[in-house]
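Here is a short briefing to read alongside your model.

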Amino acid sequence: MSMSPRLACIPHHLPFLDSLARRWLDLPDPEAAARGMILLPTRRAARALAEAFLRASGGRVLLLPRIAALGALDEAPLALAGTLDLPPAVPPMRRLAELSRLVLAAGRGLGGGVPGAADAWRLARALAQLQDEAARNETDLAESLPRLAEDWSENWAEHWQITLRFLRIVTEAWPLWLADNQMMDQAARQVALLRAQAAAWQALPPSTPVWAAGFASATPSLAALLRVVAELPQGRVVFAGLNRTLDDEAFATLPDSHAECGAARLLAALGARRDDVAVWDAPPGRGAPLVPRGRVAALHAALLPEQALGAWLDDDAPADLTGLAALSPADQQEEAGAIALLLRDALQTPGRRAALITPDRGLAARVVVELTRFGVAVDDSAGEPLAATPPAVLLRLLARACAEDLAPVALLALLKHPLAAVGGGPTQCRALARRLELACLRGPAPRPGLAGLRAGIDDPGLDGFLDDLARALAPLTARFAQAGPVPVQNLLDALIESAELVAGAEALWSQEEGNALAEHLADLAADVAVLPPQPAGELVGLLDATLEAVAVRSRRALRGRDSGEEHPRLFIWGLLEARLQSVEFAVLGGLVEGVWPAAADPGPWLSRPMRAAAGLPSPEAAIGQAAQDFLASACAAPEVVLSCPGRREGAPAVPARWLVRLRAWLRGRGQALDEHAALAWLRRLDQPEGPARPVPPPAPCPKLALRPRRLSVTEIETWMRDPYAIHARHVLRLRKLAPLEEAADAADYGSIVHDALQAFLEHHGADWPDDAPTRLQTAFLAALDAAKLRPALSAWWRPRLLRIAEWVAQTEGARRAIQAPTQIGTEIKGEAMIARLPGGTFTLRGRADRIERLDDGTLALLDYKTGSLPQASAVRDGWSSQLVLEAAMARLGGFGDAFAGETANLTYWSLSGGHQPGRVLVPVKPAELGALVGQCWEQLASLVAAYDDPLQPYLSQPRPGAAPRFTDYAALARVAEWSAAREEGGA
């Protein structure tokens with residue numbers, strides 16, 4: 001039979017849903033039409049069709065037909081005759097919990113095991129996806145996988161053999177569970193419902209119109225239903241665009257990754273050819289084209305399959321690019337800002353609707369934020385991850401804080417969460433958290449748990465806060481304190497109880513995201529009882545795993561705005577939400593390989609050949625659907641902008657293959673897509689009026705009374721290299737906060753070396769024991785133990801310290817053989833003063849690592865360095881003046897009478913403990929030392945006198961070649977900004 005009256009196509013250049021609504025309203029029997037039914041792929045398209053009916057009717061009252069979304073069949077108003085005997089579908093959460101239990105059991109059976117419930121849950125989700133894919137394509141895994149297993153020894157590697165044994169979960173264990181519980185998988189039940197509906201309509205065709213519209217591809221069961229619809233007396237199957245320029249051979253052999261492949265397969269399943277499909281073009285005077293026909297032709301030509309690319313050479317006529325433009329931002333943030341400007345500009349035209357279409361949820365979130373600067377609220381119709389909503393984040397932080405025994409980072413993340421209200425309201429909680437942070441969480445971490453916090457603070461005002469915190473966390477910390485595995489349900493109950501004490505039940509469960517989280521946790525708590533008890537630490541990963549891939553439609557981003565509602569003419573759609581819809585302006589964002597389209601992934605279970613042998617579709621079928629979405633979206637508005645950032649997540653981005661194809665096709669005609677001006681708008685938006693004024697280096701000139709009159713010998717070098725650091729530290733009195741959970745670093749290593757040598761020399765003095773190497777090693781190991789480092793770091797540093805001890809013993813023995821000291825002082829504090837200065841007396845203080853009195857009455861100064869040594873030239877030139885200034889202090893008696901006098905030599909010891917354990921540097925010859933000491937002291941006096949001038953500024957790194965290697969005040973001085981300006985010649 002000819003199916004031409006039953007198959008139709010609405011071309012891409014027409015708005016699909018509006019054209020469909022007008023065609024339905026043109027049916028000759030309005031009463032029958034009101035009782036009819038229209039089947040659509042998605043619920044979003046069903047809602048949009050109702051709006052299209054309103055536009056097509058001119059706002060008059062009319063009875064709409066039943067509109068059903070086959071993507072949500074259980075909620076569709078279909079009369080599914082004979083399906084009441086089908087078992088119910090297993091709830092999704094219960095399914096994952098039961099599969100997780102089977103995964104844990106199977107892992108133990110295969111000998112490898114699964115680390116915990118979190119990994120088992122993720123594997124269960126992957127198994128569920130494999131089951132659903134097989135069910136939708138009506139592939140019997142119980143039959144196909146054992147057939148694959150017969151060829152193990154010949155075709156598959158050993159790890160695939162293990163995988164196939166593991167997949168007995170879905171071929172044997174899971175079907176038995178479903179049978180015992182009289183349930184069905186949801187995907188299998190939907191297939192059964194479609195088959196039942198097809199049989200019911202075939203046995204008793206409805207007397208009213210039934211149309212199925214907008215299906216670009218179909219599973220076997222859906223194709224069977226569409227075939228029945230096409231054969232009904234008043235049935236229609238309506239396609240959304242159909243490429244008629246391809247020859248029949250190329251159309252029949254399209255690869256899975258082509259945009260028209262799904263339609264070709266669907267036509268074949270319907271037993272029809274393209275010639276059987278009637279074209280529903282717009283009647284004269286009605287339904288103006290949505291886009292130029294030339295754009296559709298250009299896109300079809302650019303997306304030709306490989307075997308038909310010869311057609312590019314046959315036609316060199318210019319393409320109609322009216323309304324099509326490109327956007328080439330540098331990165332994701334620039335892309336979001338430019339798109340926000342485009343959407344805001346679209347609102348300038350009354351009645352104009354605009355949409356961002358993208359599968360990139362990160363880009364969608366950025367655009368939502370960027371639009372707020374214009375006071376425009378827009379909602380992402382694809383929703384947001386439930387795991388990223390405030391109440392879910394609070395629960396995840398709470399679980400992690402208890403799992404890490406209240407480690408500083410985890411604890412502060414919890415206490416500074418906007419919903420945390422321990423000890424009062426959120427504002428008071430954050431204030432107390434900041435006090436606790438400064439009291440004991442900065443620097444080395446306190447001992448674990450609340451006892452460690454109490455021992456680390458000296459602030460009575462925090463005692464009540466810690467009491468409140470202990471009460472709030474008690475339900476969960478008690479579970480973590482239990483020895484051995486804990487029932488997962490008990491862990492969840494304790495987590496919820498503690499979360500309500502931390503945030504308050506009303507704040508935690510309110511709004512859409514709180515309600516969604518409450519429902520999720522209620523289902524989870526009821527179903528995880530089947531899991532075996534788990535270690536308490538598994539709660540963190542399990543909570544994250546169960547929240548993955550769960551989205552919620554939240555209006556959180558809209559709260560706090562003046563209107564509290566999204567703009568009625570702006571939309572952000574994912575690819576599924578955008579299907580069949582049209583607007584006046586659209587931006588296709590994130591056109592990058594790996595995003596749109598996503599990478600073709602065969603999944604964790606079966607390779608491509610195994611999928612083909614099992615009868616499953618190829619991974620490239622998803623690329624074909626993404627290509628169809630690109631084609632439809634590029635024809636969804638009269639004006640379309642194609643956006644592709646140059647970089648994504650810090651790496652160069654590869655443009656989407658369809659964008660590359662389109663540009664190559666246009667280049668062959670001497671054409672190119674016009675770049676939209678939005679990037680220029682964006683750059684002008686954030687530029688100041690007039691020429692840019694580079695930021696000059698800071699030049700503070702504090703009053704003389706505020707300038708420091710007391711500095712250490714190490715700070716003199718800082719003063720010379722970076723005067724601004726002295727100003728920030730001593731005038732502004734700013735100190736860099738210690739990091740959270742500060743780890744032991746080079747400074748701690750240096751402290752251990754200094755403490756060991758000090759302890760050894762204080763005990764032995766100038767005497768040198770015969771067993772010096774052994775005693776030195778003992779001193780170094782004692783200092784290492786006293787530091788109480790984590791075991792791994794202690795084990796790493798131990799051999800280095802022993803090598804230093806051996807090197808010191810050899811070097812010291814050689815020194816004493818030449819000239820032995822009569823007296824040794826270690827870590828000696830001293831000070832010396834410079835009088836008769838404009839600002840008054842200046843005091844230089846210092847602490848010498850080691851001073852020796854030699855047998856000729858002179859002194860020797862030694863300085864230990866566990867890092868890099870200063871250059872000898874820097875010492876002689878005064879840039880590294882620490883030891884020279886200490887010699888000047890000794891000359892003036894600054895270290896006491898016992899170590900007063902002239903210094904005969906200065907020595908640096910580099911004590912790294914590496915391949916070369918130590919190294920000696922004598923930067924100044926003894927004959928030159930006396931003059932250098934006097935010269936350095938005079939330079940210091942001149943430096944102090946210069947800064948006693950109130951007009952002398954404390955400049956930041958005034959000599960680039962002598963800038964310090966490390967500084968705590970570079971950000972405060974905005975060094976990066978004015979340095980860049982200076983390099984460019986701007987300042």
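The lining of the second largest cavity is made up of seven nonpolar, no polar and two charged residues (Ala, Val, Leu, Ile, Met, Phe, Trp, Tyr, Cys and Pro count as nonpolar, Asp, Glu, Lys and Arg as charged, and the others, Gly among them, as polar). This is a predicted model, in which local features need pLDDT of at least 70, side-chain atom pairs count only at pLDDT 80 or more, and totals for chains, interfaces and linings use all residues. Residues are numbered from 1 along each chain as its sequence is written, and side-chain values use heavy atoms, with hydrogens and water left out.

**The second largest cavity**
- Its lining residues are Leu757, Phe760, Leu761, Trp768, Leu776, Val808, Glu812, Arg850 and Tyr864 (a cavity is a set of points, on a 1 Å grid over the protein atoms alone, where a 1.4 Å probe fits but cannot get out; lining residues have an atom within 4 Å of a point).
- Two elements, α34 (746-764) and α36 (791-818), each give two or more residues to this lining (helices are DSSP runs of H or I, at least four residues, numbered from the N terminus).
- Helix α34 gives the most, with three residues.
- The volume of this cavity is about 30 Å³ (the space filled by probe spheres set on the points, which are joined across faces, edges and corners).

**The largest cavity**
- This cavity has a volume of about 40 Å³.
- Around it sit Arg707, Pro708, Arg709, Trp719, Val944, Tyr947, Asp948 and Tyr954.
- Its lining divides into five nonpolar, no polar and three charged residues.

Terms used:
On a 1 Å grid over the protein atoms alone, a cavity is a set of points where a 1.4 Å probe fits but cannot get out, and a pocket is an open set with protein on both sides within 12 Å along at least five of seven lines; lining residues have an atom within 4 Å of a point.
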